[in-house]
Amino acid sequence: RSHDTKDDSIPPVLADGGAPATSDELLAYLETLGIDAVTHEHEPVFTVEEAQAAKGDLPGAHTKNLFVRDKRGRMWIVVALHDRDLDLLALSNTLRSMGLATGRLSFASRERLMRFLGLTPGAVSPFALINDRGGQVRVALDTGLRDQEIWNAHPLTNDRTTALRTEDMLRFLEAVNHPPVWIEV
C-alpha cells in the first residue's frame with residue numbers, strides 16, 4: 001500500500017511547477033532537522049471523528065486543520081485542538097482584527113489545496129507547509145495548543161498520524177519559513 005497516493009483527478013503539481021513532497025520525504029526532512037517524530041499507520045480518515053476512532057491509544061493532542069482563504073485570496077491553514085468548534089465567521093473576525101485577513105473566510109477549493117499544498121482533502125496539517133515554497137499560505141495556531149506536550153497531525157497523507165513535541169512543530173514551521181500566528185478560537 002502506498003502512503004503517497006494522490007487524487008488522480010487533480011494533477012499533483014504545485015504552483016511553482018514542482019512535485020509535492022511525499023510523506024516519506026517529509027519524515028526524512030524532520031529527521032534532518034533532528035526532530036523526533038513517531039508515525040502510526042491506520043486506515044484513511046477524512047473527519048475528526050474518524051481520526052479519533054483510528055487514533056487508538058496515541059498520546060498527545062490531536063489537531064483539527066482547515067485550509068481557508070479570504071476575500072483577496074490569502075490562504076491560511078488554521079490548526080486547532082480537535083475538539084474545538086471552528087466558526088469561519090469568528091475566525092475571519094479574529095484574523096481581520098489582527099490586520100491579517102480581509103473579508104470572510106471560506107474553504108479553499110480542492111484545486112487550490114493541491115496547487116499550494118500538494119494535498120488532497122483529509123490530509124491537511126501544518127506539515128503541508130513544506131510544499132508552500134512560495135510562502136503563499138500562512139498558519140494560525142490555536143492558543144490551546146501551546147500547553148500541549150505532543151501534537152498529532154497527518155504527515156501529508158490521511159492514513160498516517162505523526163506525533164511530535166510542540167517545540168519541534170514550531171521548529172519545523174520556522175525551518176520551512178512559515179512562522180505561526182497564535183489566535184484564540
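Colleague: Aromatics to start. How many aromatic pairs are there?
Modeller: The model is a predicted one. The count comes to two aromatic pairs.

Colleague: Take Tyr29 and Phe172. What is the geometry of the pair?
Modeller: Edge-to-face. The ring centres of Tyr29 and Phe172 are 6.4 Å apart, and the planes sit at 75°. Planes over 60 degrees apart count as edge-to-face, so 75° qualifies.

Colleague: Which parts of the chain does the Tyr29 and Phe172 pair tie together?
Modeller: Tyr29 is in helix H1, residues 23-32, and Phe172 is in helix H5, residues 166-175. So the pair ties together parts 143 residues apart in sequence.

Colleague: Is Tyr29 buried or partly exposed? And what about Phe172?
Modeller: Tyr29 is partly exposed, at 25% relative accessible area. Phe172 is buried, with 0% relative accessibility.

Colleague: Which ring is the partner of Phe172 in the other aromatic pair?
Modeller: Phe127. The Phe127 and Phe172 pair is edge-to-face, with 5.6 Å centre to centre and 65° between the planes.

Colleague: Where does Phe127 sit?
Modeller: In the loop between helix H4 (110-117) and strand S5 (137-142). Phe172 is in helix H5, so this pair ties together parts 45 residues apart in sequence. Phe127 is buried, as is Phe172.

Colleague: Which residues make up the aromatic cluster?
Modeller: Tyr29, Phe127 and Phe172 form one cluster.

Colleague: What else is in contact with Phe172, away from its sequence neighbours?
Modeller: Leaving aside neighbours within four places in sequence, the contacts of Phe172 include Leu26, Leu30, Leu33 and Ile35. Pro126 and Ile130 are also among them.

Colleague: On to packing. How many residues are in the largest nonpolar core?
Modeller: It has 33 residues. Phe67, Ile77, Leu117, Phe127 and Phe172 have the most contacts inside it.

Colleague: Which elements supply at least two residues of this core?
Modeller: H1, H4 and H5 among the helices. Strands S2 (61-69), S3 (75-81), S5 and S6 (150-153) do too. S3 gives the most to this core, with four residues.

Colleague: What is in the second core?
Modeller: That core is separate and has 13 residues, including Leu88, Leu91, Leu95 and Val181.

Colleague: Switching to charges. How many salt bridges does a search of the whole structure find?
Modeller: Six. One of them joins Asp24 and Arg160, with the closest N and O atoms 2.9 Å apart.

Colleague: Which parts of the chain does the Asp24 and Arg160 pair link?
Modeller: Distant ones. Asp24 is in helix H1 and Arg160 in strand S7 (residues 160-165), 136 residues apart. Asp24 is partly exposed at 43% relative accessibility. Arg160 is buried at 7% relative accessible area.

Colleague: What about Asp168 and Arg171?
Modeller: Their side chains meet in a salt bridge, 3.0 Å from N to O. Both lie in helix H5, three residues apart, about one turn of the helix. Asp168 is buried at 1% relative accessible area, whereas Arg171 is partly exposed at 37% relative accessibility.

Colleague: Which residues are joined into one network?
Modeller: Arg165, Glu167, Asp168 and Arg171, through salt bridges that share partners. In the Arg165 and Glu167 bridge, the closest N and O atoms are 3.3 Å apart. Arg165 is partly exposed at 39% relative accessible area. Glu167 is partly exposed too, at 46% relative accessibility.

Conventions: Residues are numbered from 1 along each chain as its sequence is written. This is a predicted model: local features need pLDDT of at least 70, side-chain atom pairs count only at pLDDT 80 or more; totals for chains, interfaces and linings use all residues. Side-chain values use heavy atoms; hydrogens and water are left out. Rings of Phe, Tyr and Trp (its six-membered ring) pair if their centres lie within 6.5 Å; planes under 30 degrees apart count as stacked, over 60 as edge-to-face and the rest as tilted. Buried means under 20% relative accessible area, exposed over 50%, partly exposed in between (1.4 Å probe, protein chains only). A nonpolar core is a set of buried Ala, Val, Leu, Ile, Met, Phe, Trp, Tyr and Cys residues joined through side-chain atoms within 4.5 Å. Contact means heavy atoms within 4.5 Å. A salt bridge is a side-chain nitrogen of Lys or Arg within 4 Å of a carboxyl oxygen of Asp or Glu.
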